[in-house]
Amino acid sequence: MARGSIRIVIVVLALVAVASAALGQWRGWSRYPPRFRPADHIDAGFSFCRLMYTSNRRERSGRGWSTDYPYADINFMIRLSEMTSTHVDLDRVGEPNHWVVTIADDSLYSCPFLMTSDVGTMSLRPVEIVRLRDYLLKGGFLWVDDFWGTRSWQQWSGEIGKVLPPSEYPIRDLPLDHLLFRTMFHILEVPQITNIHFWRWSGGATTSERGNDSAVPHFRGIMDESGRLMVAMTHNTDIQDAWEREGEDPRFFERFAPDGYQLGINVLLYTMTH
């Protein structure tokens, strides 16, 4: 689909979203309790799984695992169902089912697509390292997003290096001619999306939340021996804020939501079919 076409589609959807509370709009800065999958629940379609982890430090504007939760999850599932033929799992009142999972929880293995944020604060225990490695090597997929600058990268790369040693599973930048960037939408660059508060504070003048230290956004990955993408990393960008904040400011939506949803849908469709 052409870039102009997706912008038209998303802008039209935005007009509906702004008018409808049912589309899961942002409802303030209150913390929401984690929503765990009931033991007897069987998903009847795609469900968004967010990884809960322990933080041992704090980043500016970050809230650890709960950063972007829950409305990035909800809004992404709604847009996925609107812009693709993907079936999403709904609850009894028609709202998307989205789950929080811990590495120790066996429901982790019911989540082929796993996402989390602010991983520059992540600290993994030895048992979690073993479990996460097992999940990934058995076919699981993890996308980490919304972490900025050198210090966050060093902490994250150190933690994931314990899970997947870089001597066996190196981290590489995905080239823009990779199939992931052409799965549904043709993506020409890795978008740098900032959180809405920084965007307002800067007057829209910059999208780099850590100045020169986060000027270049990256899409990096770790592959298994057969070339399957196990871990995706969007560093120096906050893709999920384009989903989470889609109904909060029409200017923010128009500038960032098309790029955010294009990349998100491409990542999901690619990883679930390869």
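**From fold to pocket**

The secondary structure of this protein comes to seven helices and nine strands, where helices (H or I, at least four residues) and strands (E, at least two) are DSSP runs numbered from the N terminus. The model is predicted, so local features need pLDDT of at least 70 and side-chain atom pairs count only at pLDDT 80 or more, while totals for chains, interfaces and linings use all residues. Residues are numbered from 1 along each chain as its sequence is written, and side-chain values use heavy atoms, with hydrogens and water left out.

Of the 274 residues, 56% count as buried, that is, under 20% relative accessible area with a 1.4 Å probe and protein chains only. Among contacts (heavy atoms within 4.5 Å) with a separation of 6 or more, 78% join residues 24 or more positions apart.

Helix 4 (residues 149-163) has 15 residues, which at 1.5 Å a residue should span 21 Å, and the 22 Å between its end C-alpha atoms agrees with this; the expected span is 1.5 Å times one less than the number of residues. Its buried residues include Trp-153, Trp-156 and Ile-160, and what covers the buried residues of helix 4 includes helix 3 (126-137) and strand 6 (141-147).

Strand 6 is also one of the elements that give two or more residues to the lining of the largest pocket, the other being helix 6 (239-244). By class, this lining has three nonpolar, six polar and 12 charged residues, where Asp, Glu, Lys and Arg count as charged.

Definitions and conventions: Buried < 20%, exposed > 50% of the residue type's maximum accessible area, 1.4 Å probe, protein only.
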